[in-house]
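Good morning, and thank you for joining this group meeting.

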Amino acid sequence: MPDFLPDDAATAELGATIARELQPGDIVLLEGDLGAGKTALARAIIRSLAADPALDVPSPTFALVQPYDTPRAPVLHADLYRLGDPREVDELGLLDNPAAIVLVEWAERAPELVAAATMTIQLDIPPGGDGRLAHISRA
């Protein structure tokens with residue numbers, strides 16, 4: 001049964017719940033259409049891991065990867081939407097640190113990340129467009 005996220009506060013709460021479960025080495029795939037809330041959920045997870053609700057967490061759309069140091073583990077937030085070729089993912093270093101928690105948007109562009117994932121979160125906009133549905137699966 002998916003979680004219904006009616007607003008930003010519910011998204012932040014889900015992000016905090018997920019953050020409590022994450023361990024160093026976890027790879028989390030954030031899936032969904034444009035505007036489904038992938039970056040908002042990643043932002044909530046990162047802020048929770050960093051224990052800083054005001055932390056600036058920009059979208060990594062243009063940088064492709066944003067690193068964060070958190071008390072739990074280093075965190076890498078990647079957005080592969082602009083990735084030109086799946087072979088380019090190796091240059092991003094997403095799998096270089098086995099202790100890092102990696103959050104990946106548009107991971108379907110990098111099959112090796114999909115294969116290594118420990119959690120997948122599918123975000124969907126429900127009929128009517130209000131809120132979000134979050135389907136969470138663990139490997």
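Predicted model: local features only at pLDDT ≥ 70, side-chain atom pairs only at ≥ 80, totals over all residues.

**The cores, a pocket and a salt bridge**

The largest nonpolar core holds 24 residues. I18 is among those with the most contacts inside that core, together with L22, L41, I45, L103 and I121. Which elements supply at least two residues each to this core? They are helix 1, at 8-21, strand 2, at 27-31, helix 2, at 38-50, strand 5, at 101-105, and strand 6, at 119-124. Of these, helix 2 gives the largest share, with 5 residues. Apart from this core lies another one, made up of 18 residues, and L64, L94, A100 and A110 are among them.

I turn now to empty space. Rolling a probe the size of a water molecule over the atoms shows where such space is left. The largest pocket contains about 180 Å³ of space. Its lining consists of D8, T11, A12, A16, A40, A44, R47, S48 and P53. Helix 1 and helix 2 are the elements that give two or more residues to this lining.

The next topic is charge pairing. Side chains of opposite charge can pair when their charged atoms come close. In this model the count comes to 1 salt bridge. R138 forms a salt bridge with E21, and the closest N and O atoms of the two are 2.5 Å apart. Since R138 lies in strand 7, residues 132-138, and E21 lies in helix 1, the pair ties together parts that are 117 residues apart in sequence.

Let us move to V114, which has its place in helix 4, residues 111-116. V114 is partly exposed, at a relative accessible area of 38%. Leaving out neighbours within four places in sequence, V114 is in contact with L29, A107 and E108. By way of distance, the C-alpha atoms of V114 and L55 are separated by 28 Å, and these two residues are 59 residues apart along the chain.

A51 is not a glycine, yet A51 has a positive phi of about 55°. A51 sits in the loop between helix 2 and strand 3, the latter at 65-69. W106 is likewise a residue other than glycine with a positive phi, near 60°. W106 is found in the loop between strand 5 and helix 4. Are these two buried or exposed? A51 counts as exposed, at 65% relative accessibility, whereas W106 counts as buried, at 14%.

Conventions: Residues numbered from 1 in each chain as written. Heavy atoms only, no water. Core = buried A, V, L, I, M, F, W, Y, C linked by side-chain atoms within 4.5 Å. Buried < 20%, exposed > 50% of the residue type's maximum accessible area, 1.4 Å probe, protein only. Helix = DSSP H or I, 4+ residues; strand = E, 2+ residues; numbered from the N terminus. 1 Å grid on protein atoms, 1.4 Å probe; cavity = no way out; pocket = protein on both sides within 12 Å on 5 of 7 lines; lining within 4 Å. Points joined across faces, edges and corners; volume = space filled by probe spheres on them. Salt bridge = Lys/Arg side-chain N within 4 Å of Asp/Glu carboxyl O. Contact = heavy atoms within 4.5 Å.
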